[in-house]
Amino acid sequence: MTLELQSVGRQINAKWIVHDLSFSVKQDECLVLVGPSGCGKSSTLRLIAGLDRCQQGTIKFGNRDVTHLPPSERAVGMVFQSYALLPHLTVYENLELGLRIRGVRIEERSRRIQHILDLVQLADRANHRPSALSGGQRQRVALARALLRNAMVYLLDEPMSNLDAQLREQIRPELRRLILDQGKPTVYVTHDQNEALAMANKIAIINNGEIVQLDTPIHLYNNPNSLFVAQFLGRPQINCLKPRDHQIQAIRPEDLKFSESGLPCRLVSREWLGNTQLLYLESAEGGLRMVAEPSFQCPERLFVTWQQSKVFRFDAKTGLRTS
Amino acid sequence: MKLKSASIILLLAWSLAPLLWQLYTSFSTDQALVTPFETMANRWTLEHYRSVISANPPFFLYLINSLFVGILATLLTLIIALPAAYSLSKLSTTKSNLIRIILVGCALFPYVLLFLALLEIARALSLGNNLFALALPYTALSQPLAILLLGSAFTSIPPELDDAARVEGLTLINRFRWIYIPLLAPAIASTAILVFLFSWNEYPIALTWISETSKLTLPVAMARIAGSSIHSVPYGAYAAATVLGAIPLILLVIVFQKPIVSGLTSGAVKG
Amino acid sequence: MTVVYLLIPAFLLLASVFGLPLLRYAWLSFHADSVLTGLQPIANDGANWLRLMHDQRYWQDLIQTLRFAFASVGFELLLGLAIALLLHQPMRKRGLIRSAALIPWALPTTVMALGWRWIFNTPYGPIDQFTSLSGISLNILGNPSFAWIALVYADVWKTTPFVALILLAGLQSIPNDLYEACTLEGASSFTCFRKITLPLLKPYLGLAMTFRLAQAFGVFDLVQVMTGGGPASSTESLALYAYWNALRFLDFGYSATIMIASFVLLSTIVAFGWWLMILLNQRGSMAVTE
């Protein structure tokens with residue numbers, strides 16, 4: 001089964017917040033939507049879930065056109081940033097509510113909830129209220145609820161944004177195991193590019209309600225189609241040299257090399273990041289970021305050089321790639 | 001510290017003195033009331049309470065009438081105001097602000113001025129002398145306050161809870177049952193008590209809509225004692241009735257002090 | 001956008017108790033509708049309005065209503081502020097003390113109005129009993145210069161708790177670190193009150209004032225039961241005058257005229273109060289940002 005969006009759009013007050021958006025996600029594929037805040041990535045997710053109405057285009061789950069169906073009839077499993085657990089119900093009751101509303105019999109409910117609680121390793125927390133759980137545990141309850149939905153499509157809206165960095169790394173493999181192994185199309189929204197690169201089969205970079213580029217993570221990184229994409233992916237951020245002939249040249253920090261001659265630079269400041277160090281340089285081409293070995297003792301003045309093949313060129317007006 | 005204790009005592013004296021005087025009056029013989037500074041043998045009596053309880057119709061009937069109208073009006077108000085408040089919280093800012101301004105305007109309206117037209121409505125639709133019907137104007141007049149209070153409570157519910165419930169397949173009625181009503185219980189309690197107090201205490205409409213003695217609400221029944229004759233009000237019996245009538249309200253205020261305070265104050269914050 | 005229909009029942013109710021009556025009054029005020037016309041409305045070309053212009057009792061009642069409203073609301077704000085400051089302090093049994101302070105507000109106005117009539121009674125009420133010990137009888141409710149003061153007192157007693165609670169909400173909204181900063185600056189607690197509490201409380205004072213003024217303009221229960229408008233109409237309010245016209249003189253046309261005129265006059269004053277409140281709010285927020 002494939003999730004398919006065809007030129008989907010939504011307008012608020014005569015402004016398109018999602019415009020002419022098309023993509024398809026095959027089963028066992030995870031598409032990650034990234035972009036600056038307010039770019040329309042969460043709105044896209046809400047359109048797929050049926051929480052908001054499309055004013056344009058069609059949404060299909062396989063052969064089924066769901067564009068005008070209410071969320072209850074779409075069978076999507078959705079995980080929210082704030083987990084959206086009901087504070088006055090226990091973990092068990094939170095999981096049970098949806099099943100109950102959908103008319104699942106009581107023995108069946110109990111069997112499925114036990115099974116899912118084992119899966120997310122929360123069997124001993126069944127009778128606790130969400131307020132008694134840690135952030136990671138709440139997140140797993142939210143995942144369990146989405147899994148209980150027997151969903152056609154999984155939608156995850158910044159599921160890890162409320163967790164600290166360490167917990168995120170722990171939960172990522174778990175999330176992959178629980179959701180991605182279901183073999184259903186998954187759409188994942190995040191603003192964290194590390195998370196995007198880690199989870200995605202494909203990444204769609206969104207800006208102003210439109211897809212700027214959609215591709216595999218590696219291809220996006222190596223072949224950005226615009227300055228926006230090049231700057232959005234990759235940390236430390238890509239270096240832009242002084243514009244020449246209405247063209248912007250950009251080079252990744254890891255592609256800069258030291259040499260005996262080349263562009264003369266002055267060291268402004270340095271950040272030691274453990275396994276690498278980040279150097280901030282000043283040159284006639286403007287400020288540069290550069291990655292170096294952690295043990296490297298950087299002199300006050302130095303020369304850097306780079307291979308011309310590693311340089312991306314963008315049109316200064318449109319920001320589109322020219323070579 | 002001394003100053004604070006003194007102020008508290010002063011506050012309590014100010015608030016409770018008139019009631020305590022009623023209490024004193026209700027247990028005093030008529031003779032004692034007329035000459036309070038003379039010592040006499042039969043100073044205290046339960047006669048006033050006896051006469052109130054054995055009056056025809058019995059005093060408790062008025063309490064029951066008021067209770068009935070109060071509860072009915074409160075329930076009706078909530079049934080109508082809850083969906084309206086939900087709707088208000090889902091509207092765009094401009095629209096909901098416009099509606100809020102209309103509601104504040106209605107809440108500020110000195111509703112006493114409406115009694116004549118309401119009386120005409122009651123006559124045209126034969127709603128007079130009917131306690132069920134009396135709850136209707138109370139319900140209507142309570143809407144502004146109830147919608148404003150509940151509306152601000154609805155906006156405090158995180159929208160993602162709503163979204164998650166819709167994805168799970170909960171209909172609007174399901175969401176009221178499982179999410180809004182449990183989560184808004186404190187605000188609903190505050191609103192309910194304020195509406196109940198208003199209905200229990202309301203005078204001009206009850207005065208004009210109800211004339212049958214057996215259907216009077218407490219405030220009108222009490223005022224009738226005053227109106228019966230300007231010069232010789234049976235103050236002893238009246239004080240006994242006041243004490244009996246005040247007890248349920250005093251209990252209500254003690255038990256529900258928190259929701260009353262939070263209801264009034266959150267109304268203030270909302271402006 | 002499908003949720004808008006949930007507002008319809010509430011607004012139908014509001015329209016039937018606010019919209020319909022106002023329209024009816026406006027229409028009725030241009031008609032004679034009394035016993036003389038057999039209680040049938042007959043257009044009378046604005047005779048009601050002409051009569052209102054020359055009705056000394058109406059203008060007298062307007063002044064009396066305003067006098068009552070401004071006096072009671074003024075005292076309520078002062079006393080309410082004092083009570084709010086007191087109730088804001090930490091103390092033992094605060095819940096119970098707050099309940100006790102709330103009781104006057106919760107009791108029906110009519111019930112306590114008669115209680116007050118007993119307390120102010122001449123010669124048997126406690127006040128007259130005490131003053132008569134020194135040979136004076138104030139005859140409070142029988143004296144046109146005192147009776148309205150007794151009404152103000154009873155109203156202040158009943159509604160100050162309401163004002164105090166609104167101001168309490170305001171006090172609770174003021175962050176404590178403002179006071180800490182103020183004390184660190186070495187200012188006296190009175191200076192802190194004047195520079196922090198009062199300016200930040202202004203919106204709440206304005207709210208309480210507007211709301212209470214609107215209510216006090218419609219004063220009815222208290223006057224009707226406590227003094228019946230007397231002595232010699234000296235405490236009669238606009239609402240009571242309209243009530244007499246409708247239910248005692250059965251002159252519905254003129255009663256409607258009184259009510260619509262009063263509504264317009266009083267809402268002008270409330271709107272003015274509101275405007276003043278907004279002005280104060282702006283000043284208040286400026287004081288904070290300074």
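**Exercises on strand S15(A) and the cysteines**

Strand S15 (residues 277–283) of chain A is mostly covered, with five of its seven residues buried (buried means under 20% relative accessible area, exposed over 50%, partly exposed in between, with a 1.4 Å probe and protein chains only). The model is predicted, so that local features need pLDDT of at least 70 and side-chain atom pairs count only at pLDDT 80 or more, while totals for chains, interfaces and linings use all residues. Residues are numbered from 1 along each chain as its sequence is written, chains are lettered from A and ligands numbered from 1 in the order in which they are written, and side-chain values use heavy atoms, leaving out hydrogens and water.

**Exercise 1.** Find the strand that S15(A) pairs with over seven bridges through a hairpin of two residues.

*Solution.* Strands are DSSP runs (E, at least two residues), as helices are (H or I, at least four), numbered from the N terminus, and two strands pair if DSSP finds at least two bridges between them. Seven bridges join S15(A) to strand S16 (residues 286–292) of chain A, in the antiparallel sense. Within this pairing, Leu278(A) has Val291(A) as its bridge partner.

**Exercise 2.** Locate the disulfide of the structure and state its handedness.

*Solution.* A disulfide is a pair of cysteine sulfur atoms within 2.5 Å, and Cys182(C) and Cys192(C) are joined in this way, S to S 2.1 Å. The angle about the S-S bond is -100 degrees, and the link is left-handed. Because Cys182(C) lies in helix H8 (residues 176–184) of chain C and Cys192(C) in helix H9 (residues 189–217) of chain C, the pair ties together parts ten residues apart in sequence.
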